[in-house]
Amino acid sequence: HDSERGGGVVTVGEQQGLDRVAILVDRDHDEAITPLLGVGEQLRAAFGCELVAVHVAPSIAVLRGGLTGWEVDTEDPERPVRRWLAEATSHVDLERVVLSGADSAAVIGQWAGEADVDLLLAASASTAIQRAALGSFVGRLAQTSPVPILVLRAGGGGLSQIPQSGLDVVCCVSPVDPSSRVVVEARRIVDSLPGAQLTFVHAVPARIPIDRRLVRRLLPPSAKALEGSRRDMRDLASTQRGSRGVVLIGGSRRTTDWIKAEAADLVVAGAGAPKESRHVGRFAQALCLHAGRPVLLVPES
């Protein structure tokens, strides 16, 4: 990889904090509830934000028909769900919201826009079967949510914690655009926490789009494409004091391997535009499931 350290003048947008964070609580992944709430409390301590625990239940008709594992309550079908949510989050002072609908990702996305939520907090999965299911959920949610989604890795010792100082942030940029929402969000995080460091990363694919080491070595990108990416990354890093720009050759696999080696605290990446969901969604899901670090997915549309 090619690494360049930048200096220059900091150019950032208007400072904004976190006012309202929604924690997505799922009964099927109850082992992640307590760690998720713990990270939510860390965010509240760092930013002074309000916390909301959100669970999406099946539709009222399905609950009333007894087609789920929930207790049937004909008078108030959502009452067992509200009772469970209150018990699961009883040790944390927060607001609790129960939504319902067949497509949980679409329901949460619509609610987040109406409820003035600044951030969604969710957990990735730990087993191969759960990864396939939750990865699909995170991918759909990333396409419908109007706000960023902080995805934390479950399993293998619990969810990662978010340091309140000295945060090492990696921002995956594609294309290299200083005005993109991904870059703006990464800068906002770095400027909000003392001692945070920012690294911009851009992966230039090999001439054949197969993310394997042998292919990258035998068929690297053209010299013109590589030099152009390096130049753009130097320009981007120069706009943020203390940041650096890194150019990799490869795709999601190369990027996740590099992030693991760097042991970053937080990864910021684009969720992908709806028209490009198949390609960009896979990259975002690869980061969430394999980078081993908290990933902030930023809507780009």
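Predicted model: local features only at pLDDT ≥ 70, side-chain atom pairs only at ≥ 80, totals over all residues.
Student: Is Ser 145 buried or exposed, and what is its relative accessible area?
Tutor: Helices (H or I, at least four residues) and strands (E, at least two) are DSSP runs, numbered from the N terminus. Buried means under 20% relative accessible area, exposed over 50%, and partly exposed in between (1.4 Å probe, protein chains only). Ser 145 therefore counts as buried, with a relative accessible area of 4%.

Student: Which backbone oxygen does the side chain of Ser 145 reach?
Tutor: Beyond its neighbours within four places in sequence, Ser 145 is in contact (heavy atoms within 4.5 Å) with Gly 109, Leu 120 and Pro 299. Its side chain also reaches, at 2.7 Å, the backbone oxygen of Val 147.

Student: Which residue in E11 stands opposite Val 151?
Tutor: Strand E6 (residues 149–152) is covered on both faces, with Ile 149 and Val 151 buried on one side and Leu 150 and Leu 152 on the other. In a regular strand the side chains alternate between the two faces of the sheet. Four bridges join E6 to E5 (residues 119–123) in parallel, and three join E6 to E11 (residues 295–298) in antiparallel fashion; strands pair if DSSP finds at least two bridges between them. In E11, the residue opposite Val 151 is Val 295.

Student: How many residues apart in sequence are the parts tied together by Arg 83 and Glu 71?
Tutor: A salt bridge is a side-chain nitrogen of Lys or Arg within 4 Å of a carboxyl oxygen of Asp or Glu, and the side chains of Arg 83 and Glu 71 form one (3.7 Å, N to O). Arg 83 lies in helix H3 (residues 79–88) and Glu 71 in the loop between helix H2 (60–64) and H3, so the separation in sequence is twelve residues.

Student: Which helix holds both Glu 185 and Arg 188?
Tutor: The side chains of Glu 185 and Arg 188 meet in a salt bridge (2.3 Å, N to O), and both residues are buried. They are three residues apart, about one turn of the helix, and that helix is H6 (residues 181–192).

How values were computed: Residues numbered from 1 in each chain as written. Heavy atoms only, no water. Polar contact = N/O pair within 3.5 Å; in protein donor to acceptor, adjacent residues only side chain to side chain.
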